[in-house]
Amino acid sequence: MLPLPLKSEYLEYKKDTDSVAAWLASTARKCGFPADQLKSGSWDTLDTSSSSTKSSRKKGKARKAASAVAQATKKAIQGVSKYIVAIADYPKLAKYIADTADPSVTVPDNFAATIDRVISVRSGFGERLAEHGAEPDTEADLKHFHFVEVLKKVRDALLPRMSSKASSSTEAKAAASDEISNRFAGLAVEESSQAFLDAPDVERPSQPTEDKTIYEAETLTELEEALFSYTLVMNDLVRIRATIRWIWENYQKGLFDIAAAAVATDTALALARGIIDEAEPNFKNFEKGTWGVQHGFFIGCCLRKGYDINNISPDDAFHEFYDLADECFINAHHLLLSFADLLAPDHLPLMKEGFFGYYEPTLNRDDLPGHAKFKEDQILLMEFLSDLTVVSRLIPSYPVEDEFMRGVKEMDKTGNVSFSLVFAAQTFLDIHHLLRADVSRGSKFMQNEIKHLSETLKDHLDYHKKNKLRIKNWPERMDDMLRLVFKQGQEIVADPVYQCKVHYYRRNKLPIGPSMRPNRFLDYSPVLAGLNLLSYRGDMYSIGLDVANAWGTIQYGTHLYSALQNEKLVDPQFWHDLEMAQALLPDSSFFPGGNAPKTRKKYLDTFILQMGAAGVPRGIKKGLPVSSIFVEKYLRRTEVPWTPENIHDIVSRSGFEAKGELGKGNLLMWQIEEKDQKDIEKKRALEVKGKKREEYLRPDELIQAAVMALHAEVTEMSFPWLTLHKSCWEMMKLVKEKNHQRLSQIFGSGYLNDKSQMPFVIGYIFMTTCGECPGHLRTMDLMKQAAEAIKQYVTRGSGDLCLEQFAEMGHPVQFVNEEELIENNA
C-alpha cells in the first residue's frame, strides 16, 4: 500500500488566502482605490530587498551553485516590495471593485473558486473545535467567525461581476455553507481528508502584470488561529510520516538500499522543515510557543477521544495516553525539552548506556504498556542526543549532516527546540519502532561496503607502486588524494564519535564503561549510516572512473573484447565483469558515436578516436544524474534548498523508468536506452514549459520516485571500478606476452617505450587485421592470440573478480535473459 500524499494542506491554504488578498488589493488599486481609506492609510510597502544574510565562503562547484542561487534570488526580489492586506480592508476593496465604472473589470472564475475554498476551510474548522474538546472562547470565536463573514461579504459583493458559471457555483456553495464539511479540519492524527487528497490541481487568480508588489493576507494572532494553522501542519506531517514509514517498510523487506532510504528520508524531513518554518512564526506569541500550542492540540485530542484528563498529571498523561501522544509528537517534544535543559556551554551531556535503563529491541513493542513504550523512547532518544551533541561540539568535520543533526546543532547553539527538530526526532523513533533489533543492519552493511571499497583503493595504490606505473594524465598528487579518501574510509569504520568520547573520558580521567562500544552511533541511526555510505560511494565512484579515464584501460579493453566477439573468437558474455560494465554505462562511454565497430578497418579507426588527441583517452561519461546531486549536498556540503520544485527537477533526470508496481512485487527499474534518453529529456522540457508548478508537483510521488531512482543507481555507483581497471591492465599484459614475438618482428623491438603505452598493443593488433602495418601485412594471427590470452585470463577465475567483490559487498548480480524477464514480470 502506498502512503498518503505529502501535498501540503497548510501551504495550499496559505497560498489561497494570500491570492485572495493579492487579487483584491491589486485590482482595487488599479481601479483607483484611495490610499487614505485603507486601514494603514497608505499603499506604502515593506522593503524586502534590503535584507542580507551572511554565508561562509565555498569552493568549486559549491561556490558556483551558491552564486547562481544568490544571483537568481537577487534578480527575483529586485524591485519587489511587500504589502500586508488588512482583513478590515477586504469589504471596502471588494465594494470598490464591484462599483467601478470600468466594464472590463471582471472577477475571474479562479478567484471565485479560491475564496470558496478558504470559506469552506475556515467554516468547517470552527465547527470542529467543539468536537476536539476545546473550551469555547467567545472573543476568539467572534474574531474567527468575523473573518469568515468578511470573506462571505467579499464574495457576495463581487457576485455581479462573476461569470454565470462561477456565480451559480458560488451561490450554491453559500447556501449550503453550513453543511460543507471541512476537507482540512479533521484532526490529522486520525485520518487525512480524502477529499483533499483527491482534489484536482488548482489555479489561483493572478494580479495585474504591471503591479510587482507582493501582497500577503494579514495573519490573525489569536490562539484559535494558531490551532487552525497547527492542525493543517499536523495533517501535512502525518502524511510525510506515513511516506517515511513506507520507505523503511520496503527497506526492511530488502527492496530499498540503505543509502537510498536514508537520502529519501532526509529529503522528506527537509520538505517538512519547509512547511514548519513557514507556519511556526504563528505560534511564537503564545505561552510556551509551539510547545504550548501543541499541548493544547493534544489535550483537545484527548477530550475528543473521551479520555478523563482531570485526575492525571501532565507527566502521567504521556504514559496513560502514550499512543495518542506519540501520534501528536508530544513524547518526542517532551524529551527534547528535557534534554535542552541539560545543555550548558561548559558541560558535555554524555549519557552512559544504561543511565535511563536498557533498551530491549527483541521485545514485541505492541505488547508493551504506555509507560514501557515511553521508557524505550527515553532511552533511545536521550542516548542518541548525547552522541549528537558530541558531534556538534567536538567533531565539526563529521562527514555528513542529516536534518536531525542539523536541528540538534541549532538547539545546542540557541537553546530552542524547533518543531522541525521534534519531527526529525519522532522520525528517528519511528524507524526504531519499525525495525527494532534490525535497526543496526544498515550500519553493518555500510561498514562492510566501505571496508571492501577501501580495500580496492589500497590494492590499486599498492599495485601501481609495485609495478611502477605512472602516466602523465595521473600525477603523484592524485594518489595523495586517493590516500586521503582511504583514510576517511578507515575513520568512518573506526567511528569518530566513539574515538572522541574515549579521548574525552581519558582526558577528564573518567571511567570508560564496558557498555561503550564503537559504531553504536551509526547502529542507532540508519539514516546517518546510509548518508555516510552514499558519501563514500560518491568518492569511490569518481575515483574509479577518473582512473579509468586517465589510463583508458576499461575503454581499450572493451574495444578488444568487442572485436573478438564480433569475430566470434570469444563467446558472448564470456567476460562477466566487462559485460557488467557495458550494461551499466552507455555505449558512448566506450565507442565514439555510441556504436561498436563491426569491420576490421573500423576496429582501428574507432580505437584511434578513442585514444583521443595528445594521448588523452576519451573519457567515460559519469552518470548517476540523481545520486550525484545528493552527493554534492552531503559530501561537498553544498547548500541545496529542498523544495518540491527542486526535487522534481532532480528526479526527472533519472536514466531509469519504473515498470510494474512495488506493491504487486513486479516493479522493475528499467534502464532507458541512451538514444531514447535524449528524446525523453526533450519531451520533459516541453512538458514543463507547458505546465504550471501546481499541475505536476506531487511531493509524495516525488519522494517515492526519488528513493526508487536512487536505488536504481546503486549498482553503477558501488561497482568496484578500480578492480576492473586492474583486471583490464592485467589482461593487456597477457595479450602483450602472447604476441610479443610477432609484435617485435612487425613493429620492431621498441614498439613500446614504457609501460604506460601498454594500450598501444591493442592498436598494433588492429593494424595487422586490416593491413595498415609495415609491409601492409594482413593477418588474424595476433587477434587469435589475443583471444587465447583473454580466455586464459578469464578461465583462471579473473573474469568475475568484480562481481565476486560486489557480492561480498552485499550486491549479488545475476545475468538473466531480457525477454524472459519481461515475460515473467508481466
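Colleague: With the side chain of which residue does the side chain of Ser420 make a polar contact?

Modeller: The model is a predicted one. Ser420 lies in helix H16, which covers residues 419–435. A polar contact requires N or O atoms within 3.5 Å. The side chain of Ser420 has such a contact at 3.1 Å, and the partner is the side chain of Ser418.

Colleague: Is Ser420 buried or exposed?

Modeller: Leaving aside neighbours within four places in sequence, Ser420 is in contact with Arg273, Ile276 and Arg406. The relative accessible area of Ser420 is 10%. The limit for a buried residue is under 20%. Ser420 is therefore buried.

Colleague: Arg436 is not a glycine; what is its phi?

Modeller: Most residues other than glycine have a negative phi. Arg436 lies in the loop between H16 and helix H17 (441–466). At 10% relative accessibility, Arg436 counts as buried. Its phi is positive, at about 55°.

Colleague: With the side chain of which residue does the side chain of Glu12 make a polar contact?

Modeller: Glu12 is found in helix H1, residues 9–31. At 11% relative accessibility, Glu12 counts as buried. The polar contact of the Glu12 side chain, at 2.8 Å, is with the side chain of Arg204.

Colleague: How are H14 and H15 oriented to each other, roughly parallel or roughly perpendicular?

Modeller: Helix H14 (residues 370–394) and helix H15 (residues 403–414) pack with their axes 9 Å apart and at an angle of about 75°. Angles of 65 to 115 degrees fall in one class. H14 and H15 are therefore roughly perpendicular.

Colleague: How many residues of the contact of H14 with H15 are charged?

Modeller: The residues of H14 that meet H15 include Leu381, Phe384, Leu385 and Arg393, and among their counterparts in H15 are Phe404, Met405, Lys409 and Asp412. Eight residues of this contact are nonpolar and two are polar. The number of charged residues is three.

Colleague: Are H31 and H34 roughly parallel or roughly antiparallel?

Modeller: Helix H31 (residues 721–747) packs against helix H34 (residues 801–808) with the axes 9 Å apart and an angle of about 160°. The crossing is right-handed. An angle over 145 degrees decides the class. The two helices H31 and H34 are therefore roughly antiparallel.

Colleague: Is the crossing of H23 and H31 left-handed or right-handed?

Modeller: Helix H23 (residues 576–584) and H31 pack at an angle of about 125°, and their axes are 11 Å apart. That makes H23 oblique to H31. In the contact, Asp577, Leu578, Ala581 and Leu584 of H23 come together with Trp721, Leu724 and Cys728 of H31. The crossing is left-handed.

Colleague: How many residues of H32 are buried?

Modeller: Helix H32 spans residues 760–770 and is mostly covered. Its cover includes helix H22 (553–566), helix H24 (600–611), H31 and helix H33 (781–798). Among the buried residues are Val761, Ile762, Tyr764 and Phe766. Of the 11 residues in H32, the buried ones number nine.

Colleague: Which residue follows H32, and what is its phi?

Modeller: The residue that follows H32 is Gly771. Its phi is positive, near 80°.

Colleague: What percentage of the residues in the protein chain is buried?

Modeller: The secondary structure of the chain comes to 35 helices and five strands. Among contacts with a separation of 6 or more, 80% join residues 24 or more positions apart. Of the 826 residues in the chain, the buried ones make up 53%.

Definitions and conventions
Residues numbered from 1 in each chain as written. Predicted model: local features only at pLDDT ≥ 70, side-chain atom pairs only at ≥ 80, totals over all residues. Heavy atoms only, no water. Axes fitted to C-alpha atoms, helices over the stretch in contact; angles between N-to-C directions. Helix = DSSP H or I, 4+ residues; strand = E, 2+ residues; numbered from the N terminus. Parallel < 35°, antiparallel > 145°, perpendicular 65-115°, else oblique. Left-handed = near helix turned anticlockwise from the far one by under 90°. Buried < 20%, exposed > 50% of the residue type's maximum accessible area, 1.4 Å probe, protein only. Polar contact = N/O pair within 3.5 Å; in protein donor to acceptor, adjacent residues only side chain to side chain. Contact = heavy atoms within 4.5 Å. Nonpolar A, V, L, I, M, F, W, Y, C, P; charged D, E, K, R; others polar.
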